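Trainee: Could you take me through one part of this fold slowly? I'd like a close look at a single strand and whatever surrounds it.

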Amino acid sequence: MIKTQFEEDFVICYFDDSIPVLSHRWKRFIDAEHMQAALLRMIALYSELKIEYPNISWLGDTRTMGVLSLEYQKWLEDTWPGIMESAGIKKHALIIPENLFAKLAMDKFVKNIKASHHNIIIQYFKDEESANEWLKNDVI
């Protein structure tokens, strides 16, 4: 069953216990400060859910994400992967941004995850359905 965890005018965060996955969808462009705060709120939820659902995954729908500031891109590259790993995220599905500049920022983030010592499997998808199929069927 899919249950909304929280919703704001720029993001919705929801949990699907059938997969299990904590998902979020950015609704519009927001500034780095609000995005970072929302991600930290989601990671706290993830940590709580992981107690009951040890195989929980993470899905980020970035289709409507706008251009990210250089400062925020640096935080995504340098800080966010360690936070994700500390929370126990093993699988991360990422829906490709429509904005070219946002896609370039996400490409850097994905390359950083894949090239680093972080133990997170990350994969791009065009839509939520294909991302959820991968999360359901692909074993960690």
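Mentor: Let's start with the sheet: six strands make an open sheet in the order S1-S2-S3-S4-S5-S6, with mixed pairing. Strands here are DSSP E runs of at least two residues and helices are H or I runs of at least four, both numbered from the N terminus; two strands pair if DSSP finds at least two bridges between them. S1 (2–7) and S6 (121–125) stand at the edges with a single partner strand each, so one side of each has no neighbour in the sheet. On average, neighbouring strands are turned by 20° against each other, ignoring direction.

A word on where this comes from: the model is predicted, so local features need pLDDT of at least 70 and side-chain atom pairs count only at pLDDT 80 or more, while totals for chains, interfaces and linings use all residues. Residues are numbered from 1 along each chain as its sequence is written, and side-chain values use heavy atoms, leaving out hydrogens and water.

Now zoom in on S3, residues 21–26. This strand is mostly covered, with five of its six residues buried (buried means under 20% relative accessible area, exposed over 50%, partly exposed in between, using a 1.4 Å probe and protein chains only). On one side, S3 pairs with S2 (residues 11–16) in the antiparallel sense over six bridges. Isoleucine 12, for instance, has arginine 25 in S3 as its bridge partner. The two strands form a hairpin, with four residues between them.

S3 also pairs with S4 (residues 57–61), this time in the parallel sense over five bridges. Here leucine 22 has tryptophan 58 in S4 as its bridge partner. To get from S3 to S4, the chain goes through helix H1 (residues 32–52), and this β-α-β crossover is right-handed (with the strands pointing away from you, the path from the first strand over the helix to the second runs clockwise). Back on the strands, histidine 24 stands opposite glycine 60 in S4.

And H1 itself? That helix packs on the sheet, touching S1, S2, S3 and S4, and its direction makes about 165° with that of S3. Contact means heavy atoms within 4.5 Å, and angles run from 0 to 180 degrees between N-to-C directions, with axes fitted as lines to C-alpha atoms, for helices over the stretch in contact.
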